[in-house]
Amino acid sequence: MLVILSMPVLSVKYDKLTPNAQYTRAVKFLEKESYKKAEKALKAYTKSTPEDTDGWNLYAFTNRKLGNFDKAENYYQKALELDPNNKSALEYQGELFVELGRLDEANSNLEKLRMLCKEDCLELQMLERYINATSNLRDQLSVSMQWSQVSSSLLESLETDRVK
């Protein structure tokens, strides 16, 4: 009697998977915040499906999360060249601009989303929140930095007075 056991293949080459399988695999990695693995899957996916704006958008998002900001910017640009009205790409690119301190460009993306979202849409809400949260944090840090400068000067002054 011959018994054949079927074992799952744990190590699959990304370029051997179908494009849909690569995309699905990448999304699963992103859900787990496994950005390096998602990057590999999306690299293969965008190579096999170069006209998919969502693939480029996720590839850019993944690179942004990995700190590869130049790559992320290029891939968001590619996604938006394919579909200038891709709301998700506009939102995520806007978040990249915020992270790079380029608030004018982030606000430009926000304005474009306002035009695209006649009523309201999640991408518009998310980018607004991201810009506002970052602005509030910067304001708090600015106040904190100013206070630390004042407190340092005050401590120096008190120390000088104590020495006299």
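**Exercise 1. Work out how the span of helix H4 compares with the expected one.**

Start with the limits: H4 covers residues 69-82, which makes 14 residues. Helices here are DSSP runs of H or I with at least four residues, numbered from the N terminus. Next, take the expected span, 1.5 Å times one less than the number of residues. From first C-alpha to last, H4 reaches 20 Å, close to the 20 Å expected.

A word on the model: it is predicted, so local features need pLDDT of at least 70 and side-chain atom pairs pLDDT 80 or more, while totals for chains, interfaces and linings use all residues. Residues are numbered from 1 along each chain, and side-chain values use heavy atoms, without hydrogens and water.

**Exercise 2. Find which residues of H4 are buried and which are exposed on the other side.**

Buried means under 20% relative accessible area and exposed over 50%, with a 1.4 Å probe and protein chains only. Ala-72, Tyr-75, Tyr-76, Ala-79 and Leu-80 are buried. They sit on the same side of H4 because they cover an arc of only 140° around the axis, taken from the directions from the helix axis to the C-beta atoms. On the other side, Asp-70, Asn-74 and Glu-81 are exposed.

**Exercise 3. Describe how H3 and H4 pack.**

First, the cover: the buried residues of H4 are covered by elements including H3 (53-65) and H5 (87-99), with contact meaning heavy atoms within 4.5 Å. Then the geometry: the H3 and H4 axes lie 8 Å apart at about 165°. The two helices are therefore roughly antiparallel, a term for angles over 145 degrees.

Note on methods. Axes fitted to C-alpha atoms, helices over the stretch in contact; angles between N-to-C directions. Parallel < 35°, antiparallel > 145°, perpendicular 65-115°, else oblique.
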